[in-house]
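User: I would like to learn how secondary structure elements and their packing are read from a model. Could you take me through the one shown here?

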Amino acid sequence: MKPADRLVVWCRRLTVMTRKELVQLLRDIPLMAFLIYSFTLSVYVTGNGIQTQLRNAGLLVYDADRSLSSRELVSRFHLPYFRFDGELIHADEGFRRLDRGRSMMVLDIPARFHEALVSGEPTAVQLLVDTTNAPQGLSAAGYAARIVGQFGQESVLARNGLAASSSTTVPMIVSDHRVWYNQDQNETWFESISHLLRMITIFAVLLPAAALVREKERGTVEQLLVSPLTPVQIMLPKVVAMTLMILGATAVALFGVMQPVFGVPIRGSLFLLFSLTALFIVATAGIGVFASTVTKNQAQVGMMTLLVVAPILLLSGIFTPMETMPAWVQYLMALSPLRYFIEIATGILLKGVGFDMLWSQALSMGVVGASLFGFGLWRFRRQFQ
Amino acid sequence: MDQPEILTPPPAQVVRVRGFVKQYKQHIAVSGIDLEIHKGEIYGLIGPDGAGKSSLMKAIAGVLTYESGTVEVFETMIDTERAAERVKQRLGFLPQGLGLNLYPDLSVDENIDFFARLRLVPEHELAERKARLLAMTRLDKFRARAMKNLSGGMKQKLGLICTLIHEPELAILDEPTTGVDPVSRRDFWAILAELLQERGMTVLVSTAYMDEAERFHRLSFLSSGKVLASGTPAEVHALVPGSMVTFEATPQLEAISRLKTGCTQVEALGPVLRVFTEDTNPVSAAQAITSYLGDIEPQQLHVDKLDLEDVFVALLLREADQPPPSPELPTASVSSVNHGLAIEAKELIRDFGTFRAVDRVSFQVKPGEIFGLLGANGAGKTTVIKMLNGILPPTGGEGWVAGEDMKTAGGAIKERIGYMSQAFSLYLDLTVEENIRLFAGIYGLDRRATNERFAWIVSMAGLQGYESSLTVRLPMGVRQRLALGCALVHQPRVLFLDEPTSGVDPIGRRHFWDILSRLAREEGVAILITTHYMSEAEHGDHLALMYAGRIVAEGSPAAMKAQVEREAGQLLEVVTDQPGLALRQLERAGFAGIALFGAQLHLLSRDPAQDEVRIRESLASEGLHVLGAAIRPLSLEDVFVHRVMALERRDRETTKGAAA
């Protein structure tokens, strides 16, 4: 056979096998339902539902002073951050209320609070915070400290006959921040993007793994092995088909939910976004190919996917920044394509940066992906020897 | 009103089914079946996959609800779960599938104990029963072995023990012999017959093997949820009067096409043709066939009784509105005519660790030849095929397939062979057309060639009208022909078929074999087939029997039978009024290797005339009557069982010798 003919046959095989995978996937109704749900409704719910900022923290007040100042201070704890849950009659009731868990914090204002402020004596208020949920508790304490500090500063200024607005005439440092990329500090943007990335990761592992194991389970792989197809020709069409499918689903999530509903901006190049998403899917699919070689049926593939994907999702920097993790986890996660893809996706969507800024992440992702894919392929070939 | 005339008391009825209907959503699985099972008999349900056997058995076992009709077991109406609970202690149910009711990680002993305790068998009785059943099934040496490490036949015997450990009055066994090798199958029937004699048990059993029908006292033949025939084997025989004419004729293809003008069943078994006629008189039956043949002279012509399978095929044809599609094999441009051998295996060896799965196997297959590789599960058949297909590298030896050396030209071989596996290996979620086009693409056919081959496959396999049906909805027979079509899409010169006919109804099977023999005869395709359906092996031109990785017998079906007849004698069939007692009496009298087939006894005899006299005398001394005795042709199953038993005996003696 001439090399040109060989190429034609090679392409023909790739085409028919890829088409077969797409048809099979489209006819797998439960899987399609799961896919559609994950890229539409689930993105919407997560984008709306997950809030890491402080919201509605229940506040109880024990006000032993009942003065102008104490009421003024309490009034500064307001929605959307704090929810006023009422006043306590006895100071010792505070702990019991926190134990019950309905409210998150108790503000204890001592008697003679107002007098002390007016006369310039030092005074203190006590705040009890439930930090069972550490990030929420700590951020509530932080907010409260800022409110109390601000209140104290203003009352000092007022006692010296200065209005709060005249702070510019007083020598003090004002911290003034400018918010970039997400001026409204709209959390739904990051949450919906990171959820989309989670879904892409899960399906990039699950779909090829399930498709490969299904052939094993039903015995059709035997038929493929006695045909002139090489292991690469058996595996590659699955990865290609699944990549196309996930790219389509990503487009639906982006243009069907995130842009119209949450107003997520697409500031960079769409072409770049989808090209690098494709690279990410192929890179991650290597893990799925590997998973298919160590499992025998669909149920095992499901569990294996969970086992492999969970740490990737948790530790790649979607939930918490990489910088906060121990060094060894950071080194380990250098192997996760998702670690690079987060920067790429948020970079293109929110920052609008181009390939000139992202090439190093893209290169790292490519190298890691090539090694994972190579490893998966090696395992895949080996299991039939 | 007529006065009922009662001569003998009616037999006690264990099961009575009236107008039974079972529906799965839209699909009617069973439509109106009547059935009565008498105490102490083996009642057989025979039919292809999807005939409704399992549904009926599950309903009788009280584990399946049904739409209408009545099911009575031990005179208890099984209409609620509570009613089913009342009789469950008195029955045992073995579901379909090899060892599916057992726990793979438990040992033989633990499995039996588990089922016994579940059924509240008293401990002192358990020990005695277990010992007896284990000895009977020859599993006593494997008590500590985990169930998952048993062979298929052993698993099924263990399943039977677990079903019978509480000594049920009624045993319901769903396809207990499917996928079990012929020797274990014979064992299985012998155990069942013995328990029936000793305990007065009643058995309801289903099977997809038509040749097992002769073993039942009474039977029902099911097809598409209906009973086509029922009664004793003799009564069913009487439904279709006729005879089978077998002969050799050349040219065979011309002979077949002449016969098809007038005969409904024409089958080619290697060089032999089997033709059904409704004529029961041997002389005029032979004349009728000769007249169809015209100037072709039939050789070695015999006229035989019909097999039960022939009866079923005739009944199925009667039921069908139109005659079966006679396969058209459109002529395809044969790319190259191969000279020399299609397959040659020379001293092939394959080891898995220290286990030698294939041991110096050599054989040759010529173009246009159908070569059958026979053997029990684990004999090494599939390993041989995998090596020849280039999936598995051999440990030693050489092989050539389609003119290429399998060591150096694996790729080229794969382009030239077709392969069809047990599971048919089709994509069930694709349509017929999508499957064919997929495989055409895999073999690199261009658009024009694909269209050509698509048309060829559709007409060859009789798929007209099914093109856009999902494969999962196809009947098994059609699915099988589609799989064959997909294996032939690239016009291979060599075709490998690994256990290709499981679960297909008899007409579908004959249709399939029709196509295979045409492929071999007309297009010169070499076909290598493995099977443990011995009745199928009759179609082969040349057979090789594998045992423990080696080929232990080889030859044409006729030659293999003749060899066994020379070594061990002819098959003598004895019909008596009390087969169970007769069997025991004859064993006491020193006859060995007698098998019970329903009311008949089969044994191999070197001197049938003299043995018949001895048998009659021996039985007469006990007051038993011989109703008939005749010499029957050996089946390939007899050959297989004879050979394998002899080898097993020799193996046991060598191990004993080594131990001593």
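Analyst: Helices (H or I, at least four residues) and strands (E, at least two) are DSSP runs, numbered from the N terminus. Just after α9(B), B:Gly294 takes a positive phi of about 65°. This is a predicted model, in which local features need pLDDT of at least 70, side-chain atom pairs count only at pLDDT 80 or more, and totals for chains, interfaces and linings use all residues. Residues are numbered from 1 along each chain as its sequence is written, while chains are lettered from A and ligands numbered from 1 in the order in which they are written.

User: In which order do the 6 strands of the open sheet in chain B lie?

Analyst: Strands of a sheet pair through backbone hydrogen bonds, either parallel or antiparallel. Here the order is β6-β7-β8-β3-β9-β10 (chain B), with mixed pairing, where two strands pair if DSSP finds at least two bridges between them. β6 (91-94) and β10 (226-231) of chain B are the edge strands, each with a single partner, so one side of each lacks a neighbour in the sheet. Within the sheet, β3 (residues 42-46) and β9 (residues 218-223) of chain B run parallel and are joined by 4 bridges, and B:Ile46 has B:Phe221 as its bridge partner in β9(B).

User: How do helices α10 and α16 of chain B cross?

Analyst: Two packed helices are described by the angle between their axes and the distance between the axes. The axes of α10 (residues 308-319) and α16 (residues 506-523) of chain B come within 9 Å and cross at roughly 100°, the axes being lines fitted to C-alpha atoms over the stretch in contact, with angles from 0 to 180 degrees between N-to-C directions. α10(B) and α16(B) are therefore roughly perpendicular (65 to 115 degrees).

Conventions:
Angles under 35 degrees count as roughly parallel, over 145 as roughly antiparallel, 65 to 115 as roughly perpendicular and the rest as oblique.
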